[in-house]
Amino acid sequence: TTQAQQITMTFKCGEMSPTRTASSDTRIDNINLYLFPVNGDPARHIYIAPVRSVVLELPKGDYALYAIANLGSDAGDRAQDFVRTLHVERNPLASDDSPVPMSAQQAVAVRGDTQIAVSLVRVVAKVNFSYSVAADFAKSFRVKSVQLHNVPRSAILFGSSRADNAGAVADMAPVETSATTYTATYYLLENRQGKNISINEQQQKNETRAPQYATYIAITGEADGIKVMYRIYLGENNTTDFNVTRNRV
């Protein structure tokens with residue numbers, strides 16, 4: 001038998017691109033760790049709660065490492081194909097203050113005693129939202145509600161995730177407000193709806209050109225007795241892009 005090497009592992013979650021995070025974004029309560037030997041030897045799985053650095057003894061060789069943070073329970077011994085297709089669920093209608101789900105996937109080469117830093121990536125995007133009603137417009141316009149639409153119910157932990165059917169998304173409960181200024185922060189599971197390169201200007205990023213399950217914020221109100229709705233589609237730009245990408249603000 002090959003001699004076992006001591007592997008020390010530490011876990012962290014860095015900043016969200018492109019801004020600094022609040023401490024709640026980096027909270028890690030528990031980790032499911034999987035190590036699959038490339039040569040097909042039996043896998044190792046450990047559940048770490050509370051989270052600490054871990055020392056493992058492993059034979060020399062190459063491994064595929066998968067880590068899942070904040071699942072909340074021990075996922076048990078699993079085959080690599082199963083782990084690769086794991087999804088995380090979040091109920092858009094529940095007010096969820098639990099730590100955000102995270103994952104990491106990396107190749108590990110064990111040649112001797114080794115230290116490995118596992119860098120976790122959030123499966124959610126952070127949305128900082130605010131509006132203000134211009135003073136002149138406030139004389140005739142009143143906001144009635146703010147609501148997030150097409151929020152994903154689940155996302156794949158490893159790979160990129162896209163809602164592709166009506167059952168995969170839900171609308172958050174509308175927030176009734178008549179405030180002239182409003183701010184909110186949301187954590188949304190990844191929803192990569194792609195691009196529509198036919199859009200040339202911001203006004204065209206609308207219902208007729210958006211992908212069917214693209215995530216958007218709806219602001220309803222009334223202007224001079226006429227009902228109005230603003231739809232703000234999320235994405236990497238104000239025109240063509242409808243991707244809500246994990247680990248981004």
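View 1. "Exposed" here stands for a relative accessible area over 50%, "buried" for under 20%, and "partly exposed" for anything in between (1.4 Å probe, protein chains only). Lys139 and Asp136 form a salt bridge, with 3.6 Å between their closest N and O atoms. To count as a salt bridge, a side-chain nitrogen of Lys or Arg has to be within 4 Å of a carboxyl oxygen of Asp or Glu. That rule gives a count of 10 salt bridges. As background, oppositely charged side chains can pair when their charged atoms come close.

A note for all views: this is a predicted model, so local features need pLDDT of at least 70 and side-chain atom pairs count only at pLDDT 80 or more, while totals for chains, interfaces and linings use all residues. Numbering starts from 1 along each chain as its sequence is written, and side-chain values use heavy atoms, with hydrogens and water left out.

**View 2. Asp81 and Arg84 meet in a salt bridge, 2.7 Å from N to O.** Asp81 and Arg84 are about one helical turn apart, because they sit 3 residues from each other in helix 1 (residues 80–84). Helices are DSSP runs of H or I with at least four residues, strands are runs of E with at least two, and numbering goes from the N terminus. Asp81 is exposed at 53% relative accessible area, whereas Arg84 is partly exposed at 36%.

**View 3. Lys144 reaches Glu222 through a salt bridge, with the closest N and O atoms 3.3 Å apart.** Lys144 is in strand 10 (residues 141–149) and Glu222 in strand 17 (residues 216–223), so this pair ties together parts 78 residues apart in sequence. Lys144 is partly exposed at 36%, and Glu222 is partly exposed too, at 28%.

**View 4. Seven strands make an open sheet with mixed pairing, in the order 3-2-5-7-8-1-4.** Strand 3 (44–48) and strand 4 (54–59) are the edges; each has a single partner strand, so one side of each has no neighbour in the sheet. From one strand to the next the twist averages 25°, taken between axes that are lines fitted to C-alpha atoms (for helices, over the stretch in contact), with angles from 0 to 180 degrees between N-to-C directions. Strand 2 (residues 31–37) runs antiparallel to strand 3, with 5 bridges joining them; strands pair if DSSP finds at least two bridges between them. Across this pairing, Leu35 is opposite Arg44 in strand 3.

**View 5. The largest nonpolar core has 40 residues, and Met9, Phe11, Ile31, Leu33 and Leu120 have the most contacts inside it.** Strand 1 (4–13), strand 2, strand 4, strand 5 (61–69), strand 7 and strand 8 (114–122) each supply at least two of the residues, and strand 5 gives the most, with 7. A separate core has 20 residues, including Val133, Leu148, Val151 and Tyr186. Such a core is a set of buried Ala, Val, Leu, Ile, Met, Phe, Trp, Tyr and Cys residues joined through side-chain atoms within 4.5 Å.

**View 6. Ser103 is tucked into strand 7 (residues 102–110), buried at 7% relative accessible area.** A polar atom of the Ser103 side chain is 2.9 Å from the backbone oxygen of Leu157. Not counting residues up to four places away in sequence, Ser103 touches (heavy atoms within 4.5 Å) several residues, among them Ala67, Leu120, Phe158 and Arg246.

Definitions and conventions: Polar contact = N/O pair within 3.5 Å; in protein donor to acceptor, adjacent residues only side chain to side chain.
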